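Hello,

The structure is pasted below, and my notes on it follow.

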Amino acid sequence: MTTAIPSSSATGQPAPLTHEFTMRFTSTPRGARLARRLASQRLESCGHPYGTRVNDETTLIVAELAGNAVRHGHVPGRDFRLRLELRRACLRVEITDTRAERRPPSAVAEPPPSAESGRGLWLVSQLALRWGVAARADGPGKMVWAEVGT
C-alpha cells in the first residue's frame, strides 16, 4: 500500500523535499530507543522543536514502529532502518525490517481498557494522516510508514 505525499502545486507534483534522514539501527530495544531520540533531534533541527505537536506525534510514531520492528520484525543479524522525509506539508516516517511474513493488520480497533497490549498501532492510526505497509523495495522484508501533517 503506497500513498503519494500531498501535493502543494497545481501540477500535481509532490511538494519539494526539504529534509531527509536515513539511518540503520541494531534490531534491539536500545536501537529502537536511539531511533526515537535521533528522530526527535532531527525534527528539532529542522524547525519542529521539542514539545511541539509535530515533534511529539512523530516521535511517538517512530517509537512505536521501531519497537514493533524490533519485537515482531527481528531477524538475527539484521538491522532495521528509519527514514524521515520532510516536505512542506507532510512528514513521512518509514521503518523497514527484513521479516516480510509478519505484517501488521491493515485496520486496527481501539483495544479494550483491560488489554495489556495492542495500543501502539491504534495510536499510530489516530496520530497519522495515513499509514500503511508495503513490500520493501530494496531487499527482503517490509516497510511500515506513516505520514504526519506539518
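Arg83 stands opposite Glu94 in strand E3. This is a predicted model, in which local features need pLDDT of at least 70, side-chain atom pairs count only at pLDDT 80 or more, and totals for chains, interfaces and linings use all residues. Residues are numbered from 1 along each chain as its sequence is written, and side-chain values use heavy atoms, with hydrogens and water left out.

Strands (E, at least two residues) and helices (H or I, at least four) are DSSP runs, numbered from the N terminus. Two strands count as paired if DSSP finds at least two bridges between them.

E2 and E3 are antiparallel, with 6 bridges, and a hairpin of 2 residues connects E2 to E3. E3 is also joined to strand E5 (residues 142–149), antiparallel, by 8 bridges; there Leu91 stands opposite Val148.

Of the 8 residues in E3, 8 are buried (under 20% relative accessible area; exposed is over 50%, partly exposed in between; 1.4 Å probe, protein chains only). Cys90, Arg92, Glu94 and Thr96 point one way from E3, while Leu91, Val93, Ile95 and Asp97 point the other way.

E3 (90–97) is also part of what covers the buried residues of helix H1, as are E1 (17–25), H2 (53–72) and E2 (80–87). Those buried residues are Gly31, Ala32, Ala35, Leu38, Ala39, Ser40 and Leu43. Just after H1, Gly47 has a positive phi of about 100°.

Regards

How values were computed. Contact means heavy atoms within 4.5 Å.
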